[in-house]
Amino acid sequence: MSLLVNIIWLIVSGLPLALEHLATGAALCVTIVGIPFGLQQFKLAKLALMPFGARVVES
């Protein structure tokens with residue numbers, strides 16, 4: 001069931017949202033202060049692609 005919902009999510013809004021997070025993460029990684037925030041944006045991009053059934057791990 002989660003695979004079907006993930007495919008629908010990816011088509012409808014997952015890909016644009018993930019691209020937005022990647023662009024924001026790349027822009028934040030330009031400065032030393034922004035690197036931790038940029039890394040979090042990359043994690044959010046991964047989560048934006050396939051959110052249903054994903055496990056969020058704190059690290």
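Visitor: Why is His21 called buried?

Guide: In this predicted model, His21 has a relative accessible area of 18%, and because the word buried is kept for values under 20%, the residue falls within that class. The place of His21 is in helix 1, which runs over residues 2–28.

Visitor: Which residues does His21 touch, once those up to four places away in sequence are not counted?

Guide: His21 touches Gln41, Leu44, Ala45 and Ala48, where touching rests on heavy atoms within 4.5 Å.

Visitor: What makes the pairing of the Gln41 and His21 side chains a polar contact?

Guide: The distance given for the contact between the side chain of Gln41 and the side chain of His21 is 2.7 Å, and since a polar contact asks for a pair of N or O atoms within 3.5 Å, one able to donate a hydrogen and the other to accept it, the value meets the distance limit.

Visitor: Is Gln41 buried or exposed, and how do you know?

Guide: Gln41 is buried, because its relative accessible area is 17% and the limit for that word is under 20%. When its neighbours within four places in sequence are left aside, Gln41 is in contact with His21, Thr24, Gly25 and Leu28.

Visitor: What share of the chain is made up of buried residues?

Guide: Buried residues account for 17% of the 59 residues in the chain. The chain itself has two helices and zero strands, and its C-alpha atoms fill a box of roughly 40 × 25 × 5 Å along the principal axes.

Visitor: Why does Leu3 count as exposed?

Guide: Leu3, which lies in helix 1, has 62% relative accessibility, and because exposed means over 50%, that is the word that applies to Leu3. Leu3 also belongs to a nonpolar patch on the surface, formed with Met1, Leu4, Ile7, Ile8, Ile11 and Val12, and the patch has about 810 Å² of accessible area together.

Visitor: Why is Ala23 called partly exposed?

Guide: Ala23, found in helix 1, has a relative accessibility of 49%, and since buried means under 20% and exposed means over 50%, with partly exposed in between, the value for Ala23 belongs to the middle class. Along the chain Ala23 and Ala45 are 22 residues apart, while their C-alpha atoms are separated by 9.6 Å.

Visitor: What makes Lys43 partly exposed?

Guide: The figure for Lys43 is 39% relative accessibility, and because this too lies between the limits of 20% and 50%, Lys43 is put in the middle class. The place of Lys43 is in helix 2, and its C-alpha atom is separated by 9.2 Å from that of Leu22, a residue 21 places away along the chain.

Technical notes:
Residues numbered from 1 in each chain as written. Predicted model: local features only at pLDDT ≥ 70, side-chain atom pairs only at ≥ 80, totals over all residues. Heavy atoms only, no water. Buried < 20%, exposed > 50% of the residue type's maximum accessible area, 1.4 Å probe, protein only. Helix = DSSP H or I, 4+ residues; strand = E, 2+ residues; numbered from the N terminus. Patch = residues over 30% accessible without salt bridge, like charges linked within 9 Å, V, L, I, M, F, W, Y side chains within 5 Å. Areas by Shrake-Rupley, 256 points an atom, 1.4 Å probe, with all protein chains shown as cover. Salt bridge = Lys/Arg side-chain N within 4 Å of Asp/Glu carboxyl O.
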